[in-house]
Amino acid sequence: MSAIIEARLKKVEEKLEANGLDGIIISGQRNVYYVTGFWGTESTVFIGRNRRIFLTDARYTLIAKQSITAEFEIVETRSALTEIIKLLEGSHLKTIGFDEQVTYADYQTLSQIFQGFDLQAQHLFLEDLRIIKDESEIAAIRKACQISDKAFIDVLDFIKPGQTTEMAVNHFLDARMRQYGAECASFEFIVASGYRSAMPHGVASDKIIQSGETLTLDFGCYYDHYVSDMTRTVHVGHVTDEERLIYETVLAANQALIDAAKAGVTYRQFDQIPRQLIQDAGFGDYFTHGIGHGIGLDIHEYPYFGTSDETIKPNMVLTDEPGIYIPDKYGVRIEDDLLITEDGCEVLTLAPKELIVIK
Ligand SMILES: [Mn+2]
């Protein structure tokens with residue numbers, strides 16, 4: 001782990017140089033974990049040129065000393081920013097970056113404490129580095145995806161039309177993934193049956209899953225702090241011709257992106273390729289959200305897609321989640337997690353995608 005952290009710290013230090021900064025204040029549980037290997041709340045990191053400081057309160061000191069293997073001064077304090085000022089006294093570090101996403105209240109505190117410094121708001125400083133996954137991150141995401149795959153196979157036997165509620169399915173998936181080694185759920189699952197499946201983000205309710213309905217399951221787990229995010233739509237009891245057509249269209253869109261995704265594809269193309277297919281099939285008005293997002297330490301992280309001419313790069317992990325939602329009737333979404341490579345992509349979520357009818 002320490003070589004991996006060291007490689008990330010080197011990237012941070014190079015970026016400090018590129019952005020004309022003497023140092024940067026890093027906060028947020030995931031950003032701190034990314035550069036230190038420490039997992040816990042209430043921690044702050046300062047990375048300067050030739051200076052690395054980790055600050056936490058007494059509850060976490062021992063854990064920090066065990067989990068931080070890179071060169072860091074580990075400081076126990078309940079007022080991290082004031083402590084950083086003390087430690088920087090007499091140094092030549094003056095131009096200090098901070099995350100532009102801090103709250104207004106935090107910014108006010110920061111600018112009061114750092115009077116006399118040149119504070120520079122930074123746009124996605126760490127988040128941009130986190131877009132490209134290293135080997136250990138890919139291994140964790142791969143495992144999280146495998147756990148979700150297995151839970152999906154199991155849940156098919158658990159669902160009994162006319163008896164099982166959406167909430168029971170939610171709890172089953174959650175428990176089963178933990179049994180397979182997951183830390184916890186990676187977000188509030190979407191378990192949406194029948195007319196509720198037309199809501200792209202219909203979280204599980206008390207509704208009983210009935211024969212004749214479609215059922216959308218959007219779920220995932222954390223493994224070693226990294227997420228999986230997968231959606232499968234199944235049919236219950238029987239399937240109509242229109243349902244079958246919509247399912248095959250969404251599946252074709254999902255597959256079209258798998259076939260096209262590789263390094264060099266623009267964000268615009270990444271969204272457009274599956275969207276065009278759905279439009280050509282006449283369902284364009286019913287695909288109402290973006291094609292996907294990055295995953296990693298967060299369930300939704302950069303990049304997002306749309307009209308940018310930026311290109312996707314090897315070792316990004318991106319979701320591919322086209323959907324068609326017919327209001328008040330039903331919806332279908334199929335989502336995979338793709339690891340981008342030089343000349344293609346590897347699908348990390350391998351649960352079956354052929355049209356399934358639960359009897
Ligand atoms: Mn997703």
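UniProt positions are given here in the numbering used for this chain, and its annotations may be inferred rather than shown by experiment.

**Entry 1: the record.** I kept in mind that I am reading a predicted model. I looked up the UniProt record, an unreviewed entry, and found "domain: Creatinase N-terminal" placed at residues 8-132. I then checked that stretch in the model: it is 41% helix and 24% strand, and its end C-alpha atoms are 11 Å apart.

**Entry 2: the core.** Which residues touch the most other members of the largest nonpolar core? I found I26, V35, V45, I47 and F54, out of 36 residues in that core. Among the elements that each supply at least two residues are helix 1 (2-18), strand 1 (23-26), helix 7 (135-158) and strand 11 (226-227). I also noted that domain 1 (2-130) and domain 2 (135-358) each give this core at least three residues.

Beyond its neighbours within four places in sequence, I26 is in contact with N31, V32, V35, T44, V45, I47 and L126. Another core, of 29 residues, lies apart from the largest one, and its members include I131, A253, F287 and F305.

Entry 3: I turned to the largest pocket next, with a volume of about 550 Å³. Its lining has 26 residues, and S27, S43, T44, L81 and D106 are the closest to its centre. Which helix gives the most to this lining? I found that helix 5 does, with four residues. Strand 2, strand 3 (51-56), helix 4 (80-88) and strand 5 (95-99) are among the elements that each supply at least two.

How values were computed. Residues numbered from 1 in each chain as written. Predicted model: local features only at pLDDT ≥ 70, side-chain atom pairs only at ≥ 80, totals over all residues. Heavy atoms only, no water. Core = buried A, V, L, I, M, F, W, Y, C linked by side-chain atoms within 4.5 Å. Buried < 20%, exposed > 50% of the residue type's maximum accessible area, 1.4 Å probe, protein only. Domains from an automatic or database assignment. Contact = heavy atoms within 4.5 Å. 1 Å grid on protein atoms, 1.4 Å probe; cavity = no way out; pocket = protein on both sides within 12 Å on 5 of 7 lines; lining within 4 Å. Points joined across faces, edges and corners; volume = space filled by probe spheres on them.
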